[in-house]
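This briefing is for a reader new to the structure shown below.

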Amino acid sequence: MIQTLKEPRIVEKMQFIDLQSQQERIRSLIDVAIKRVLDHGIYIMGPEVYELETQLARFCGVKHAITCANGTDALGLGLMAKNIGPGDAVFVPSFTFAATAEVVAWVGATPVFIDSLQDTYNMDPQSLEQGIKIAKKEGLTPAGIIPVDLFGQPADYEAIQAIADEYNLWVMADGAQSFGAAYKGRMVGNIGDMATTSFFPAKPLGCYGDGGAIFTNDDELASIIKSLRVHGQGVDKYDNVRIGMNGRLDTIQAAILIEKLKIFPEELTARQKTADTYNVGLRDIVHVPELIEGTTSAWAQYTIRLPVGADRAKLMGNLKEAGIPTMVYYVKPLHLQTAYRQYLTATGGSLPICEGLASEVVSLPMSGYVNDLQISVTLKAIKEWI
Ligand SMILES: *Cc1c(COP(=O)(O)O)cnc(C)c1O
């Protein structure tokens with residue numbers, strides 16, 4: 001029952017992503033875990049790093065989980081392991097966080113921006129095929145695809161893999177937002193030639209700093225990535241056999257992640273429950289996020305799409321007044337951003353769906369700790385705005 005809609009404190013305290021409630025819940029375990037690292041003193045590649053990698057691999061049902069410094073490095077390591085460089089085209093959605101395309105430019109290859117699907121916000125397979133044709137026409141070698149599991153829902157990997165097979169491309173799934181989700185019975189991490197994730201604090205499974213991981217079932221790729229992560233070292237650590245990077249995850253962050261992984265399945269259930277309640281309350285008013293058949297989402301974000309022409313700024317203002325923080329992911333698709341305008345798009349010009357999404361979407365508070373009162377206040381404010 002909704003008794004105290006005007007109860008100010010609970011709503012005032014509402015966080016867009018409630019990391020504070022989570023910390024309160026596990027603080028004593030985290031303190032012990034950090035102390036354990038301080039006691040053994042192995043700050044770099046300590047036992048917790050290897051323990052976490054074992055647990056992550058088991059969680060996703062994948063052969064190799066290799067932790068690294070952040071989700072961007074995870075993507076970069078994947079491209080380096082595949083020897084991607086100048087002349088190669090890598091296909092990425094435009095409606096994503098910059099890191100997905102940034103890493104392609106890092107290695108000197110060309111990102112080709114692909115349009116999105118209106119309902120799932122994920123990469124449009126038809127636009128992907130168009131992009132591959134354009135890249136070839138421009139004299140580039142199509143090399144690989146980085147689909148993004150935007151807001152936590154896996155991309156349509158069946159459709160994408162069929163295209164990858166046809167054109168002989170690898171697939172590296174950017175699961176920075178979707179760790180914990182599944183696609184047709186396979187966990188994120190166990191999809192594509194490689195998959196990556198991020199443990200940035202606000203991601204579904206976050207640490208207390210930067211962190212990331214890359215996953216693969218391919219033994220050879222795994223051993224190359226492990227070498228690249230430590231400056232390209234060979235069997236003899238003073239004979240580097242390739243150009244690598246310093247891409248390691250800190251032992252302290254690994255220790256924190258081990259504690260957080262214990263409560264992660266419960267948090268995923270809570271996120272799903274929040275998404276279900278939002279869905280029921282909003283389905284008739286706005287476009288609610290659709291899950292394609294056979295997928296689950298990690299609900300990194302709960303993102304609605306407003307009717308064309310709706311006053312998004314006013315809605316966000318109303319919600320703010322009611323104590324509800326909201327965000328827009330993403331205000332500007334990558335192909336329109338200053339640093340990325342120079343690259344190709346699937347159409348050779350505009351990407352109409354993702355350009356529309358950028359002005360229509362808004363994300364509501366989401367975490368494993370959103371309470372019923374907070375949801376009611378949010379729904380009420382959105383209904384009043386309509
Ligand atoms: C957060 C994010 C990344 C980068 O992760 P970091 O750990 O911040 O480097 C990459 N891709 C997507 C889609 C992301 O959301």
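A polar contact is a pair of N or O atoms within 3.5 Å. The model is predicted.

**Ligand surroundings**

- There are 14 residues around the ligand, and those that come nearest are Gly71, Thr72, Asp174, Ser198 and Lys203.
- Ser198 places a polar side-chain atom 2.7 Å from an oxygen atom of the ligand.
- Gln177 also has a polar side-chain atom by a ligand oxygen atom, at 2.8 Å.
- Lys203, one of the residues that come nearest to the ligand, lies over the face of Phe97, at 5.8 Å from the ring centre.

**Aromatic rings**

- A pair of aromatic rings is described by the distance of the centres and the angle of the planes.
- The structure holds 16 aromatic pairs.
- In one of them, Phe16 and Tyr329 have ring centres 6.3 Å apart and planes at 45 degrees, so the pair counts as tilted.
- This pair links distant parts of the chain, 313 residues apart: Phe16 is in the loop between α1 (8-12) and α2 (19-40), and Tyr329 is in the loop between α10 (312-321) and β12 (344-345).
- Phe16 has a relative accessible area of 12% and is therefore buried.
- Phe95 and Phe151 form an edge-to-face pair, because their planes stand at 90 degrees, with the ring centres 6.5 Å apart.
- Phe95 sits in the loop between β2 (88-93) and α5 (99-106), and Phe151 in the loop between β4 (141-145) and α7 (157-167), so their pair ties together parts 56 residues apart in sequence.
- Ring pairs join Phe16, Phe95, Tyr121, Phe151, Tyr329 and Tyr330 into a cluster.

**Backbone geometry**

- Most residues other than glycine have a negative phi, and most peptide bonds are trans.
- Tyr329 and Tyr330 are joined by a cis peptide bond, with omega about 5 degrees.
- Tyr330 is found in the loop between α10 and β12.
- Tyr121, another member of the ring cluster, has a positive phi near 70 degrees.
- Tyr121 lies in the loop between β3 (110-114) and α6 (125-137), and its relative accessibility of 3% makes it buried.
- Lys184 has a positive phi as well, near 45 degrees.
- Lys184 lies in the loop between β6 (182-183) and β7 (186-187), and at 39% relative accessibility it counts as partly exposed.

**The two sides of α7**

- The buried residues of α7 are Tyr157, Ile160, Ile163, Ala164 and Tyr167.
- These residues cover an arc of only 130 degrees around the axis, which means that they lie on the same side of α7.
- An α-helix has 3.6 residues a turn, so residues three or four places apart point the same way.
- The buried residues of α7 pack against α6, β4, β5 (170-174) and β6.
- Asp165 and Glu166 are exposed, on the face of α7 turned away from its buried side.
- Just after α7 comes Asn168, with a positive phi of about 60 degrees.

Definitions and conventions: Residues are numbered from 1 along each chain as its sequence is written. This is a predicted model: local features need pLDDT of at least 70, side-chain atom pairs count only at pLDDT 80 or more; totals for chains, interfaces and linings use all residues. Side-chain values use heavy atoms; hydrogens and water are left out. Rings of Phe, Tyr and Trp (its six-membered ring) pair if their centres lie within 6.5 Å; planes under 30 degrees apart count as stacked, over 60 as edge-to-face and the rest as tilted. Helices (H or I, at least four residues) and strands (E, at least two) are DSSP runs, numbered from the N terminus. Buried means under 20% relative accessible area, exposed over 50%, partly exposed in between (1.4 Å probe, protein chains only). A charge sits over a ring if NZ of Lys or CZ of Arg is within 6 Å of the ring centre and within 35 degrees of the ring normal. The arc is that of the directions from the helix axis to the C-beta atoms. Contact means heavy atoms within 4.5 Å. A residue is near a molecule or strand if one of its heavy atoms lies within 4 Å of it. A polar contact is a pair of N or O atoms within 3.5 Å; within protein, one must be able to donate a hydrogen and the other to accept it, and residues adjacent in sequence count only if both atoms are side-chain atoms.
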